Amino acid sequence: MGGGVVANSGGNAAYGHLVDPNRKWYNNRRLIALNGWIVLLLITSSTNGYDGSMMNGLQSIDQWRLYFNEPRGSMLGLLNAIQNIGSLAAYPFAPYITDGLGRRSSIFLGATIMCIATAVQTAAQSVGMFIGARFLIGFGLTFAATSAPLLVTEISYPSYRAALTSTYNSLWYSGAIVAAWTTFGTFKIGNTWSWRIPSALQALPSVIQVALIWFCPESPRWLVSKGRHEQALKTLAYYHADGNTEDPLVKYEYEEIKAAIDLDREVAAKIGWKTLFSTRGNLRRMRIILALAFFSQWSGNGLVSYYLNRVFNTIGITNGTHQLLINGILQIWNMGWALGASFLCERIGRRVLFISSTVGMLVFFTLQTACSAVYANTQNTQAAHAVIAFIFLFYAAYDIAYSPLIVSYTVEILPFQLRAKGFVVFNFAISLSLIFNQYVNPVALDTIGWKYYIVYCCWLAFELVFVYLYVIETKNRTLEETAALFDGEEAVEQLAGAAGHAAVDEKEGSSGSLHDEKITKA
C-alpha cells in the first residue's frame, strides 16, 4: 500500500509454530478460567461506557432536569466534563501505583473509590454534591482503566491476545446499553428515583471487581520486572500450558519477556515522563498515540455520545421517550459492530481497519451534515429521518476501528517499561479532548446548530490523511515484537532470537546463557 508506513509481519508471529492447535478457548479448562478473569477486567470499560450513556439519558428525564434546575450551556458541560476532570487529577499517580504495586492493586483501588463515589452520587441532594461525586468517579476510574487493559494484554493466551485486548474498548458499549435502557425504564417514575436508580447501578461492575480481583492472576511481565521469575513462569505455565513449565510456548514467552525487560534494564533507572519523547522510536509512538486519542473523541461522535437530545432537537425530535428509545437501539448497534471488528483485527489488520473507518466516518458525517442543513431550511421530515440513518451508519464506520483498536493498538506498540506511562498519556489526551467536547459542544449547538458539524467534516478529512501516512500495521506479532517495530528490525530480531533459542534449544540446557549473550550484545 503506497504512501503510508507499513511494517510487514512476514506472515506468522515467531511463536506461531509453538501454539498447540488443539488448545482452544472453549475446550481447555484453564483457558476458560483465564478468559473468565479477563472478563472481570474488561468490565472496567463498561463502567466508563455506562457513565457517558447515563448522562446522555438523564438529560431526557424531566425529574433530573428539574431537580438540578434545568442545566444548560456551561453548567451542563461541567456536569458531563467533571468526571474527566477527576480523571486528570489521578493521572500523575496512576502509573506509579500500576508499576509499583501491581496491576491488580491499582484496579482494586480504583474500583473501591468508584463504589464510594457512586453511593454519594446516588444520594446527591444538590448539584454540588452530584458534581463532587462525579469527580471522584473519574478519579477512581483512572486507576482501574490504566491497569485493566494492560493486565488483559499481558495475561492473554497469544492466539487470542489481539481480539481480547480489542474487546476491552468495544465493551464500552455494554455499559452504554445498560445505562440507555435503564434510563428508558425509569423515565416514567415520577420522583427522583428516576435518576437515582441509574446512578446506583453504575457501581455494579466496581462491586464485582472489589470482590474478585485478588483471585485474578497478576501480570507475568510485572512479576518478572519485580524479580519474581518463578511466580511469573508458573502463571504462564498454569494458564497457557496446563501447568507444564517445560512447554516450548511457555519457555518462549518467558524468555522473550525476560529479554525485553533486560534490554530495557540499563535505561530503566532513567525512565521518566520525558523518556516517552526522548528517542526517534518513542516520538513515532507518541505521535500515533496522541493523534488516535484525540481522533477517538473529535470525530463527531462526542455530539451523539453526550448530547444526543440536543442533536435530535435540531431535527425536530423532541419527545423524551423517542430520544431514549433511539439511544438504546444505537448502543446495541454500536456494540455489535465493535465486537465484530475486535475479532477481525488479526485477519484484516489494524491499518486497513483504521483507514476504512475514517473514510466511512467522513462520508457519513458529511451526509448527516447535508441532511441537517436541509431540515433546518425546509423542515422536511424525510431529511430528519435521513439524519438518524446517517448517525447509525457513521457509528458503524467509527466502531470498526476507533472502538476496538485505540486501546489495544496503544498498549501493543509501547515497550513494557513505558507501557503504563504511555497509556496514562493516552488517557490524559482523551480526557482533555472530552473536556473540550463536553464544554464546547452544548454551547456551539445552542448557538449555531447544524453549522457546527462543518468543523468536524474538515477535521475528519485531516484524520484520514494522518491515518494513511502514519499508522503502522502490527498484526501477527507478539507484544515485544510489535513494540520493537518502532526501534528498528534489529530489535525485533534480537528479541526473537533470545526467546527462540531458549525455547527450542532445551537439550543443551543453555537457555540462560543464550539469554545473557543476547543482553550483552545489546
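This is a predicted model: local features need pLDDT of at least 70, side-chain atom pairs count only at pLDDT 80 or more; totals for chains, interfaces and linings use all residues.
**Figure 1. Helices α1 and α10 cross at roughly 150 degrees.** Helix α1 covers residues 29–58 and helix α10 covers residues 204–212, and their axes come within 9 Å. That crossing angle makes α1 roughly antiparallel to α10. The crossing of α1 and α10 is left-handed. On the α1 side, look for W37, L40, L41, I43, T44 and T47; on the α10 side, their partners are P205, S206, I208, Q209 and L212. Sorted by class, this contact between α1 and α10 has seven nonpolar residues, four polar ones and no charged ones.

**Figure 2. The whole protein chain, for orientation, is built with 25 helices and zero strands.** Of the 522 residues in the protein chain, 61% are buried. Among contacts in the protein chain with a separation of 6 or more, 84% join residues 24 or more positions apart.

**Figure 3. The largest nonpolar core has 120 residues.** Good places to start looking are L41, W64, F130, F354 and Y402, which have the most contacts inside this core. Take Y402 as a guide: beyond its neighbours within four places in sequence, Y402 is in contact with N169, L292, F295, S296, F354, S357, T358, M361, E463 and V467. A second, separate core of 13 residues can also be found, and L223, A232, A241 and V250 are among its members.

**Figure 4. Helices α20 and α21 pack at an angle of about 145 degrees.** Here α20 takes in residues 405–413 and α21 takes in residues 416–448, with their axes 9 Å apart. The crossing of α20 and α21 is right-handed. I406, V407, T410 and V411 come from α20, and they meet R419, F423, F426 and I430 from α21. The contact of α20 with α21 divides into six nonpolar residues, one polar and one charged.

**Figure 5. S431 is a buried serine in helix α21.** Setting aside neighbours within four places in sequence, S431 is in contact with N84, S87, L88 and Y91.

**Figure 6. Helix α5 holds both S106 and C115.** Helix α5 spans residues 103–122. S106 is buried, with a relative accessible area of 0%. Not counting residues up to four places away in sequence, S106 touches I97, T98, F143, A144 and S147. C115 counts as partly exposed because its relative accessibility is 21%. Not counting residues up to four places away in sequence, C115 touches A203, S206, V207 and V210. L136 lies 21 residues from C115 along the chain, and the C-alpha atoms of the two are separated by 9.7 Å.

**Figure 7. Helix α9 has buried residues that pack against several other helices.** Our last stop is α9, made of residues 193–201. Its buried residues are S194, W195, R196, P198 and S199. Around them you will find α1, α2 (62–67), α5, α6 (127–155) and α8 (172–186), the helices that the buried residues of α9 pack against.

Definitions and conventions: Residues are numbered from 1 along each chain as its sequence is written. Side-chain values use heavy atoms; hydrogens and water are left out. Axes are lines fitted to C-alpha atoms, for helices over the stretch in contact, and angles run from 0 to 180 degrees between N-to-C directions. Helices (H or I, at least four residues) and strands (E, at least two) are DSSP runs, numbered from the N terminus. Angles under 35 degrees count as roughly parallel, over 145 as roughly antiparallel, 65 to 115 as roughly perpendicular and the rest as oblique. A crossing is left-handed if the near helix is turned anticlockwise from the far one by less than a right angle, and right-handed if clockwise. Contact means heavy atoms within 4.5 Å. Ala, Val, Leu, Ile, Met, Phe, Trp, Tyr, Cys and Pro count as nonpolar, Asp, Glu, Lys and Arg as charged, and the others, Gly among them, as polar. A nonpolar core is a set of buried Ala, Val, Leu, Ile, Met, Phe, Trp, Tyr and Cys residues joined through side-chain atoms within 4.5 Å. Buried means under 20% relative accessible area, exposed over 50%, partly exposed in between (1.4 Å probe, protein chains only).
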